Amino acid sequence: MTVGSDQFLAQAVVAWQVRHGRHDLPWQNTRDPYRVWLSEIMLQQTQVVTVLDYFARFLSRFPDVGALANASLDDVLSLWSGLGYYSRARNMHRCAQEVMSHHAGFFPATAQQLQGLPGIGPSTAAAVASLCFSERVAILDGNVKRVLTRYLGFDADLAQAKNERVLWQEATRLLPDEELGRNMPRYTQGMMDLGATLCTTKNPDCPSCPVQARCVAYANGNPLAFPVKSRKLKRSAQSLWLLWARSEDGALWLSQRPTPGVWAGLYCFALFDSYQALQAAVAKDGCAGLVDIPAFKHVLTHKDLYLHPVQVVMPRSSRPEASGDWFEPLQWQRLGLPAPISKLLR
């Protein structure tokens, strides 16, 4: 690992962001911590192009932290449906309530205080504190890790917590000094923009990079070797049968998924580990009306789900042998539903 010039990176990134960085995203050009926090949570593990519509819908329904805190969790999950990683939505709702109840409706101004709120980790806290309150604190999201490890030639394995702590220290060392620190929002945004637009995972645009002159990875011709992270996700697979039970007047049999677990807190068709178990759940009304829908794969972070929907029309007086209840169309259309269920219903 090579140590770079302390202020070269900061100066170059700030100047580049002014001229070439992103300036038209709806959560930019604001010091409103609610909007910045909302975008940071949504952007975790999610691409910008996907977040844009969700961000607009959330602001329309919940224009400030008070509106979000006063909403029901079902309303929040309903708007979040399809964005994935639903624990983010549950923590976001809890966070808004704590901001209202413990901080008089104002987000704390320091990264240390922000980390005390649900769902806000060190990098998210630093992003809000630096972008909104100009605190001199380093972020370390995926984009910034990639920029820093390439710039420094940082080849320690980030799967080990001790090495990530060292990278945090390097990120802090390379922050703008006190004089340049007035540009902390610009620097923080610039580091994120650099990783998102030039210093990308594949095919980085090194010739256009403002820090190319002192980038160790570029000098060595191996930017794709960084960052180093040896631990691989262990994927698993599971088959589930979905009881798509509906009544003649359009009501659906839905149950709220337990927490923790897949689709926790969302409303879903009753799930079964086998076709036989699903048949048993409707046996008292007979299985002759069961209609198999083609199975499909739904990809989660650590698991592939092979989903087998089975339709049946039942009288409202019947109740499958599975937890849940009948929901009228106007009711279930406002619930938080897992993405594959929403797609089936569309």
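Student: What is the relative accessible area of D32?

Tutor: This is a predicted model, in which local features need pLDDT of at least 70, side-chain atom pairs count only at pLDDT 80 or more, and totals for chains, interfaces and linings use all residues. Residues are numbered from 1 along each chain as its sequence is written, and side-chain values use heavy atoms, with hydrogens and water left out. Buried means under 20% relative accessible area, exposed over 50%, and partly exposed in between (1.4 Å probe, protein chains only). D32 falls in the partly exposed class, with a relative accessible area of 29%.

Student: With which residue does R35 form a salt bridge?

Tutor: R35 is partly exposed, its relative accessible area being 31%. A salt bridge is a side-chain nitrogen of Lys or Arg within 4 Å of a carboxyl oxygen of Asp or Glu. For R35, the closest N and O atoms are 3.8 Å apart, and the partner is D32.

Student: How many salt bridges does the count come to?

Tutor: Side chains of opposite charge can pair when their charged atoms come close. By the rule of 4 Å, the count of salt bridges comes to eight.

Student: How many residues apart in sequence are the parts that R316 and D249 tie together?

Tutor: R316 and D249 form a salt bridge whose closest N and O atoms are 3.1 Å apart. R316 lies in the loop between β7 (303-313) and β8 (325-327), while D249 lies in the loop between β1 (236-246) and β2 (252-256). Helices (H or I, at least four residues) and strands (E, at least two) are DSSP runs, numbered from the N terminus. The pair therefore ties together parts of the chain whose separation in residues is 67.

Student: Which residues are linked with R316 in a network of salt bridges?

Tutor: The side chains of R316 and E328 meet in a salt bridge of 3.1 Å, N to O. This pair links distant parts of the chain, twelve residues apart, with E328 in the loop between β8 and α14 (329-332) and R316 in the loop between β7 and β8. R316, at 32% relative accessibility, is partly exposed, and so is E328, at 32%, while D249 is partly exposed at 45%. The residues linked with R316 in the network are D249 and E328.

Student: In β4, which residue is the bridge partner of L242?

Tutor: Two strands pair if DSSP finds at least two bridges between them. β1 and β7 run parallel and are joined by eleven bridges, and in β7 the bridge partner of L242 is P309. β1 also pairs with β4 (residues 270-272), in the antiparallel sense, over three bridges. In β4, the partner of L242 is L271.

Student: Which residues touch the most other members of the largest nonpolar core?

Tutor: A nonpolar core is a set of buried Ala, Val, Leu, Ile, Met, Phe, Trp, Tyr and Cys residues joined through side-chain atoms within 4.5 Å. In soluble globular proteins, nonpolar side chains tend to be buried together. The largest such core here holds 94 residues, and those touching the most other members are W37 and F58.

Student: How far from C206 is the nearest cysteine sulfur?

Tutor: A disulfide is a pair of cysteine sulfur atoms within 2.5 Å, and the count comes to zero. C95 is in no disulfide, the nearest cysteine sulfur being that of C132, 13 Å away. C206 is likewise in no disulfide, and the sulfur of C215, the nearest, lies at a distance of 6.4 Å.

Student: Against which helices do the buried residues of α9 pack?

Tutor: Helix α9 (residues 142-152) is mostly covered, nine of its eleven residues being buried. Among these buried residues are V144, V147, L148 and Y151. They pack against α1 (8-20), α10 (161-173), α11 (184-197) and α12 (216-220).

Technical notes: Contact = heavy atoms within 4.5 Å.
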